[in-house]
Amino acid sequence: MIAFEFALENWPFIAALAALVVAYFAVNSVAGGKSISVHEVTRLVNQGEALLLDIREANEFKAGHITGAVNIPFGAVNTRVSELEKFRAKRIILVDKLGQHASDVAKQLKVQGFDVVRLGGGMSEWTHQSLPVVKK
């Protein structure tokens, strides 16, 4: 009951806080790049228009990854960005576990001039759709 009274008395502040939270997530979503579906990923890769960049840790990558994906762990992207130069003409599709790190890496790569998108839902969505993975 006290929380309800507090909310009624302070509704302008609560509304402003809610608006700020929504704005924060909207800005980060846009800055982190477009998210694309597993079907769009498959089309782009099959047509040779994209590189799959798996940013999960090496042990997760070895446990199962999308065919043709290149692994550069999230924490090493800044120091290994030179490895991506030969793919500059292609779209880079970021793949992570659930989508939690892809936005940050997308921002980093966009600043350096790369065309970057994110796999919506990450590897979790890929495996949920029963799409093939390679284990090494």
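**Group meeting: the sheet and the nonpolar cores**

Good morning. Let me begin with F114: leaving aside its neighbours within four places in sequence, this residue is in contact (heavy atoms within 4.5 Å) with V81, L84, E85, R88, I92 and L109. This is a predicted model, in which local features need pLDDT of at least 70, side-chain atom pairs count only at pLDDT 80 or more, and totals for chains, interfaces and linings use all residues. Residues are numbered from 1 along each chain as its sequence is written, and side-chain values use heavy atoms, with hydrogens and water left out.

Strands (E, at least two residues) and helices (H or I, at least four) are DSSP runs, numbered from the N terminus. Two bridges join strand 1 to strand 5 (residues 115–119), and I36 has L119 as its bridge partner in strand 5.

Now the largest nonpolar core: buried Ala, Val, Leu, Ile, Met, Phe, Trp, Tyr and Cys residues joined through side-chain atoms within 4.5 Å, where buried means under 20% relative accessible area with a 1.4 Å probe, protein chains only. Of its 16 residues, L53, I55, L84, I92, L94, L109 and F114 touch the most other members. Strand 2 (50–54), strand 4 (91–95) and helix 6 (102–111) each supply at least two residues, and helix 6 gives the largest share, four. Thank you.

Notes
Buried < 20%, exposed > 50% of the residue type's maximum accessible area, 1.4 Å probe, protein only. Pairing = 2+ DSSP bridges.
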